[in-house]
Amino acid sequence: MFRNTEKREDGVRPRRPARATAPSARAGAGGNRRAQGEAGEARRRPRPRVSAPQAMRYAAEQLAELLGRVPESVSALKPTEDGWRADVEVVELERIPETTSVMASYRVSLDQQGELVAYERIRRYTRGQIDRRT
């Protein structure tokens with residue numbers, strides 16, 4: 001659609017004429033029930049799943065907000081049927097030397113929009129500890 005670039009004598013552009021109201025908007029007062037149903041369905045459709053990088057950021061940010069500690073890293077991220085599952089590493093107790101600091105792994109569940117729905121601590125360990133292969 002082209003923009004109206006004409007100006008009046010006073011230098012102000014004239015306003016566009018108002019558009020007619022769409023049929024679906026007029027259906028509100030007992031009008032077209034099908035149009036109302038379709039509009040309601042459009043609002044209820046789930047939004048697409050957030051991307052993996054977004055899910056990682058959301059998991060770390062929301063867990064930090066709940067725990068009051070800044071996460072060190074996101075060590076795992078997996079898509080699930082309901083959204084995402086992330087494992088987030090957090091320093092629970094800082095010690096000197098740093099290799100003796102107490103760390104924790106938290107499993108965070110996010111819905112498809114990236115909102116935290118559950119979390120649990122799944123492991124505590126010292127920073128210098130290495131996992132053994134089984």
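Biologist: Why is Met56 called partly exposed?

Modeller: The relative accessibility of Met56 is 33%. Buried means under 20% relative accessible area and exposed over 50%, with partly exposed in between (1.4 Å probe, protein chains only). Met56 therefore falls in the middle class. The model is predicted: local features need pLDDT of at least 70 and side-chain atom pairs count only at pLDDT 80 or more, while totals for chains, interfaces and linings use all residues. Residues are numbered from 1 along each chain as its sequence is written, and side-chain values use heavy atoms, leaving out hydrogens and water.

Biologist: What does Met56 touch, not counting residues up to four places away in sequence?

Modeller: Met56, which is found in helix H3, touches Val74 and Leu77. Contact means heavy atoms within 4.5 Å. Met56 and Leu77 are 21 residues apart in sequence, yet their C-alpha atoms are 7.1 Å apart in space. Helices (H or I, at least four residues) and strands (E, at least two) are DSSP runs, numbered from the N terminus.

Biologist: What lies in the loop between S2 and S3?

Modeller: Pro97 is one of the residues there. The peptide bond from Ile96 to Pro97 is cis, with omega near 0°.

Biologist: Which strands stand at the edges, each with a single partner strand?

Modeller: The four strands form an open sheet in the order S1-S2-S3-S4, with antiparallel pairing. Strand S1 (71–79) and S4 are the edge strands; each has a single partner, so one side of each is left without a neighbour in the sheet. From one strand to the next, the twist averages 20°. H3 packs on the sheet, where it touches S1, S2, S3 and S4, and its direction makes about 120° with that of S3. Axes are lines fitted to C-alpha atoms, for helices over the stretch in contact, and angles run from 0 to 180 degrees between N-to-C directions.

Biologist: Why is S3 described as largely enclosed?

Modeller: Seven of its ten residues are buried, so S3 is largely enclosed by the rest of the structure.

Biologist: How many residues has the largest nonpolar core?

Modeller: It has 13 residues, and among those with the most contacts inside it are Ala59, Leu63, Val88 and Tyr106. Helix H3 (52–67), S2 and strand S3 (102–111) each give two or more residues to this core. Such a core is a set of buried Ala, Val, Leu, Ile, Met, Phe, Trp, Tyr and Cys residues joined through side-chain atoms within 4.5 Å. Val88 is in contact with Ala59, Leu63 and Tyr106, among others.

Biologist: What makes Asp87 count as buried?

Modeller: Asp87, in strand S2 (residues 83–93), has 12% relative accessibility and so counts as buried. Its contacts beyond four places in sequence include Ser73, Tyr106, Arg107 and Ile122.

Biologist: Why is the pair of Tyr106 and Tyr119 called tilted?

Modeller: The structure holds one aromatic pair. The ring centres of Tyr106 and Tyr119 are 6.1 Å apart and the planes stand at 45°, so the pair is tilted. Rings of Phe, Tyr and Trp (its six-membered ring) pair if their centres lie within 6.5 Å; planes under 30 degrees apart count as stacked, over 60 as edge-to-face and the rest as tilted. Tyr106 is buried at 5% relative accessible area, whereas Tyr119 is partly exposed at 37%.

Biologist: What is the distance at which Arg49 lies over the face of Trp84?

Modeller: Arg49 is 5.4 Å from the ring centre of Trp84. The charged end of Arg123 sits over the ring of Tyr125, 4.0 Å from its centre. A charge sits over a ring if NZ of Lys or CZ of Arg is within 6 Å of the ring centre and within 35 degrees of the ring normal.

Notes: Pairing = 2+ DSSP bridges.
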